[in-house]
Amino acid sequence: MPPAIDAPKPAAGQLPAPAKSTPTFSPDRVTVLFVLGGPGAGKGTQCAKLVKEHGFTHLSAGDLLRAEQERPGSQFGDLIRRYIKDGLIVPMEVTVQLLENAMTDALRKTGSVTGRFLIDGFPRKMDQAHKFEEAVCPAKMVLFYDCSEEVMEKRLMERGKTSGRADDNAESIRKRFRTFVETSMPVVDYYEKEGKVIKVDATATPDSVYATTQKRLAERLGANF
């Protein structure tokens, strides 16, 4: 469960924004890889393998938001619930703060000032990318899992049989696809121009996708990434 957000209650229609002159974490000590891909591209599966074999810390923006909406006393619970139900992107101030809290907590638990994080499903908009890099930590690379809408929908409908997630239904899935194409693909395009995108075909089996992921990461970050 993510730690509470230590922020004053916002005025109606407003959200707190981190006010910082420098990021909380230095990229010399903390490595951040953004993990992007459409809903159902298999981001979580690949992140789990990287955590197990390479020691990354996996933070899912979606999981943090879903946990926060259920946290007793959360001032953002109703807001998050409404946005997720409608297939919309939760205001970035909330997501950025939850991610920073989770990173701080992870480092505290290890007693270290260095760490490597997979930020899964974030940033989903350009303003989120800029806010996170300004307030929390500049990203090293973007892992982009490229997958067709047909394959992603099939995977999500299958997952919906057991996931219990309110957004694993046909209507919400299609809303999420549209949102991803319209708002998240420009993020991928931006980082690609910066030379920071590692693109992986995610239509194959999880093991095959993982083998490609490891190869591409080794090429860009070194054999002992």
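Which residues does Asp167 touch, not counting residues up to four places away in sequence?

1. Asp167 touches Arg66, Ile84, Ser172, Ile173 and Arg176 under that exclusion, where contact means heavy atoms within 4.5 Å. The structure is a predicted model, in which local features need pLDDT of at least 70 and side-chain atom pairs count only at pLDDT 80 or more, while totals for chains, interfaces and linings use all residues. Residues are numbered from 1 along each chain as its sequence is written, and side-chain values use heavy atoms, with hydrogens and water left out.

2. Asp167 is found in the loop between helix H6 (149-163) and H7; helices (H or I, at least four residues) and strands (E, at least two) are DSSP runs, numbered from the N terminus. Asp167 is buried, its relative accessible area being 7% (buried means under 20%, exposed over 50%, partly exposed in between; 1.4 Å probe, protein chains only).

3. The largest nonpolar core has 38 residues, and Val32, Phe34, Met103, Ile119 and Phe132 have the most contacts inside it. Such a core is a set of buried Ala, Val, Leu, Ile, Met, Phe, Trp, Tyr and Cys residues joined through side-chain atoms within 4.5 Å. Elements giving two or more residues to this core include strand S1 (30-37), helix H4 (92-110) and helix H7 (170-193); H4 gives the most, with 8 residues.

4. Phe132 touches Val32, Phe34, Val96, Leu99, Met103, Phe122 and Cys137, not counting residues up to four places away in sequence.

5. The peptide bond from Phe122 to Pro123 is cis, with omega near 0 degrees. Pro123 lies in the loop between S3 and H5.
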